[in-house]
Amino acid sequence: MELSQLYFNYENIFIISYLFIISILSLFVSINVDKLYTFSKHFGIKIFKLAFLFFSVAFFSQGLIYLLNIWIIPTYFSNLSNLFILNLFINGLELLFIYTIILSGFYIIYSLIWKRIHIAPNYLVNLKIIIIHIIAISIALISLFNQKISFNLLFLSQIILFLYGIIICFDKYKNRKQTKKFTFIQLYFIALIMMLVGWIFNYLDGFIRIIYPIFPLYTKFLTICIFCIFLYGVVKTTKNF
């Protein structure tokens, strides 16, 4: 019993560390992209920056959920008979996670196609972007009533989005892959493919871990690699300015 409990603790520590690492990597990407935007004033870069800001908030909120559930509440609030406020706070964090993780995927794709759908000078008054926010809020709210449906909508929406993004990005990648000069779009295309694989792996995680328990480790390692690739590409591109 002690060994299994020890493994359980180490597993949770690993998960929490992973979530906060991804949050920090996303924040670093967003900060470095902001430097690019300062130089270029390119609207697509601004959207790309927001996408990783959403990623950072999403993974940070999920890290807090794990931290509260497996350490803070059992350690400091286990004797409380009424955890209504804490549970309400955790539910709020779960809604924030779903909302921001969905937006991050939408904004990644929006950064590629903004010229096709951008209407107003300010993205906040763009009707299509408002609809995206409404979709994200709706899927988050569904989780309050049916987590299974919300879970499926979350993963399927991201898988479809990244499939679409890969198709869009492929032509740009194909046109530039022959050049010896580094271009961010080359890493972007590779990272999008890895993100799609990551979402599919995460979606299938519950089924595969039954027959292959360490499978989640590969999924998390892949996710860290994806965000490291984005960070590397952004930092390298920033140095060229």
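What share of the 241 residues in the protein chain do buried residues make up? Buried residues, those under 20% relative accessible area with a 1.4 Å probe and protein chains only, make up 44% of the chain.

The model is predicted, so local features need pLDDT of at least 70 and side-chain atom pairs count only at pLDDT 80 or more, while totals for chains, interfaces and linings use all residues. Residues are numbered from 1 along each chain as its sequence is written, and side-chain values use heavy atoms, with hydrogens and water left out.

**Figure 1. The helices of the protein chain.** The chain holds seven helices and zero strands; helices are DSSP runs of H or I with at least four residues, strands are runs of E with at least two, and both are numbered from the N terminus. Among contacts (heavy atoms within 4.5 Å) between residues at least 6 apart in sequence, 74% join residues at least 24 apart.

**Figure 2. Confidence along the chain.** The pLDDT, which is the predictor's confidence in each residue from 0 to 100, averages 84 over the protein chain, and 85% of the residues score at least 70. Over residues 1–7 the pLDDT is below 50, and this stretch has zero contacts in the model beyond near neighbours in sequence. Where pLDDT is low, the predicted coordinates should not be read in detail.

**Figure 3. The largest pocket.** A pocket is an open set of points, on a 1 Å grid over the protein atoms alone, where a 1.4 Å probe fits, with protein on both sides within 12 Å along at least five of seven lines; lining residues have an atom within 4 Å of a point. The largest pocket contains about 1400 Å³ of space. Its lining consists of 46 residues, of which Gln62, Tyr66, Phe151, Phe155 and Asn202 are the closest to its centre. By class, the lining has 29 nonpolar, 12 polar and five charged residues. Helices that each supply at least two lining residues include H1 (2–40), H5 (147–176) and H6 (184–211).

**Figure 4. Gln158 and its surroundings.** Gln158 belongs to helix H5 and counts as buried because its relative accessibility is 0%. Its side chain makes a polar contact (3.5 Å) with the side chain of Ser157; such a contact is a pair of N or O atoms within 3.5 Å, one able to donate a hydrogen and the other to accept it, and residues adjacent in sequence count only if both atoms are side-chain atoms. Leaving aside neighbours within four places in sequence, Gln158 is in contact with Ile101, Ile102, Gly105 and Trp199.

Key: Grid points are joined across faces, edges and corners, and a volume is the space filled by probe spheres set on the points. Ala, Val, Leu, Ile, Met, Phe, Trp, Tyr, Cys and Pro count as nonpolar, Asp, Glu, Lys and Arg as charged, and the others, Gly among them, as polar. Buried means under 20% relative accessible area, exposed over 50%, partly exposed in between (1.4 Å probe, protein chains only).
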